[in-house]
Amino acid sequence: MNDNVYDRIFDKKRKPIIIGILGAPINNGNMGCVALTYALLTMLEKISADLNITFCYYIFEGVEDVKKNAILCQKLSIEEKKVKSFNIYPVESILGLCHRPYKVIETYSALKDCNLFIDLTQGDSFSDIYGNTVFIKNANGKRLIEKRIKKPLILGPQTFGPYQNLKNMKIAKKIVERADLVITRDVASTQYIKTFSDKKVYTTTDLAFNLPYKKDKLKNKNEKVKVGVNVSGLLSQNKLESTPTKFHLKTNYDEYIDTLLIWLIDNDYDVSFVPHVIADYECEKKVAKEFPQVKVIEMYENPIDIKSEISKFDIFIGGRMHATIGAFSSGVATIPTAYSRKFNGLYKNIGYSYVIDLLNLSTEESLERTKIYIENYSELKTAAMQGMKKINELENKTESLFREQIVKMMNELSEQGMRVL
């Protein structure tokens with residue numbers, strides 16, 4: 001890079017802390033991934049204010065979108081000059097260096113500028129359930145930080161594993177053991193790490209539970225019960241998402257969705273499709289042709305707006321975990337339709353049992369259980385309110401762990417003679 005963020009923004013003698021963010025993008029069609037970024041920066045800005053230290057954020061993702069960066073800053077009240085995106089992927093391969101040398105130099109220089117890194121791996125992608133290529137791509141950034149950049153690395157709250165390939169488990173083991181701090185978002189992940197490493201691991205929960213949103217006005221008692229249905233473009237047989245998968249559902253997902261929609265319509269529920277990923281939106285538009293009574297919510301540009309929309313429903317049924325997190329944390333009766341252990345692990349961790357396990361339940365069992373939950377949705381709302389008390393405790397624990405690591409890093413910088421804002 002020709003100019004350093006310190007020179008552009010602040011007095012050289014009093015430098016801000018630059019936090020590098022991996023696995024938490026801004027420019028991404030998956031609002032769950034972006035929700036993690038918004039929630040993480042919300043927490044870090046609170047820590048920044050508490051410590052009276054200025055943080056700048058380098059987001060290492062794919063292609064930068066200045067508009068989306070601006071939306072994030074506006075929604076979170078962060079100065080735009082404090083947030084910058086860099087394309088991390090060319091740095092991770094020899095081909096990238098050959099084909100895009102200037103981009104590689106810029107990104108590598110930005111990596112070197114960072115004082116500390118936090119990696120979230122999109123919440124659930126530090127695993128090979130989406131294939132070896134996805135795992136390696138996500139692992140390479142972490143290995144680069146630990147082996148070449150050699151700055152503190154926090155593996156923030158996320159799911160770890162499963163690893164179906166032994167080689168992938170060995171790679172994960174090295175990354176976990178070299179990290180300065182490891183936090184899982186469920187007990188199952190913590191226990192899983194213990195099967196291959198003695199690393200000290202902390203268990204909290206998903207950051208996106210504390211994603212801010214705009215609360216809607218109270219519902220009119222005479223209105224129909226509103227049901228939001230998130231049809232996953234990853235799980236549908238006519239899938240529109242390119243992400244490879246290595247899991248097999250016992251439930252026939254398309255049959256489950258079609259039969260559920262017929263039942264909801266016949267029982268006079270007010271039903272809407274709610275996309276959380278672009279592939280969901282395209283899939284839901286196709287399904288809507290068969291169910292014209294169901295409204296299709298347009299795809300939003302940021303996770304705060306989509307969570308605000310989700311909060312208007314009485315019941316939410318979703319195949320995208322972060323869509324269900326948005327519903328759960330905004331007081332909606334939530335029915336997650338789980339395709340991996342990340343769902344059960346996360347919700348079991350907070351004492352919420354109303355999860356439809358598509359991996360292990362037949363189509364008929366999934367449907368009957370879903371109907372029971374819908375008919376007793378007030379029970380789910382009460383359970384969600386109780387679960388949020390536990391979540392708030394776990395989010396405070398995450399914040400405390402982040403703060404301790406940041407203060408430790410700042411003390412080390414002070415010993416090196418660097419003054420921080």
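Which helix gives the most to the positive patch?

**Before starting**

The model is predicted: local features need pLDDT of at least 70, side-chain atom pairs count only at pLDDT 80 or more, and totals for chains, interfaces and linings use all residues. Residues are numbered from 1 along each chain as its sequence is written, and side-chain values use heavy atoms, with hydrogens and water left out.

**Stop 1: the sheet**

Display the strands. Helices (H or I, at least four residues) and strands (E, at least two) are DSSP runs, numbered from the N terminus. Seven strands make up an open sheet with parallel pairing, in the order 3-2-1-4-5-6-7. Strand 3 (83–87) and strand 7 (202–203) are at the edges, each with a single partner strand, so one side of each has no neighbour in the sheet. Two strands are said to pair if DSSP finds at least two bridges between them.

Select strand 2 (residues 55–61) next. Strand 2 pairs with strand 3 in the parallel sense over five bridges, and V83 in strand 3 is the bridge partner of Y57.

Move to strand 5 (residues 153–158). Six of its six residues are buried, so strand 5 is largely enclosed by the rest of the structure. Here buried means under 20% relative accessible area, exposed means over 50%, and partly exposed lies in between (1.4 Å probe, protein chains only). Strand 4 (residues 116–119) joins strand 5 in parallel pairing over three bridges; D119 stands opposite L155 in strand 5.

**Stop 2: salt bridges**

D119 is buried at 2% relative accessibility, and K142 is buried at 1%.

Now select K46 and E399. They form a salt bridge whose closest N and O atoms are 3.0 Å apart. K46 lies in helix 2 (residues 31–51) and E399 in helix 15 (residues 377–415), so the pair ties together parts that are 353 residues apart in sequence. K46 is partly exposed at 44% relative accessibility, whereas E399 is buried at 10%.

E399 and R403 are four residues apart in helix 15, so about one helical turn separates them. With D50 also selected, the network of salt bridges linking K46, D50, E399 and R403 can be viewed.

**Stop 3: charged patches**

Switch to the surface and select K112, K147, R148, K150, K170, K174 and R178, which gather in a patch of positive charge. Helix 6 (132–149) and helix 7 (166–178) are the elements that give two or more residues to this patch. Helix 7 gives the most, with three residues. K112 is found in helix 5 (residues 101–113) and is partly exposed, with a relative accessible area of 40%.

Patch members have over 30% relative accessible area and no salt bridge, with like charges joined within 9 Å and nonpolar side chains (Val, Leu, Ile, Met, Phe, Trp, Tyr) within 5 Å.

Finally, select E255, D258, E290, E364 and E365, which gather in a patch of negative charge on the surface. Helix 9 (253–266) and helix 14 (363–375) are the elements that give two or more residues to the negative patch. D258 is placed in helix 9 and is partly exposed, with a relative accessible area of 33%.

Note on methods. Areas by Shrake-Rupley, 256 points an atom, 1.4 Å probe, with all protein chains shown as cover. Salt bridge = Lys/Arg side-chain N within 4 Å of Asp/Glu carboxyl O. Lys, Arg positive; Asp, Glu negative; His and termini not counted. Charge placed at Lys NZ, Arg CZ, Asp CG, Glu CD.
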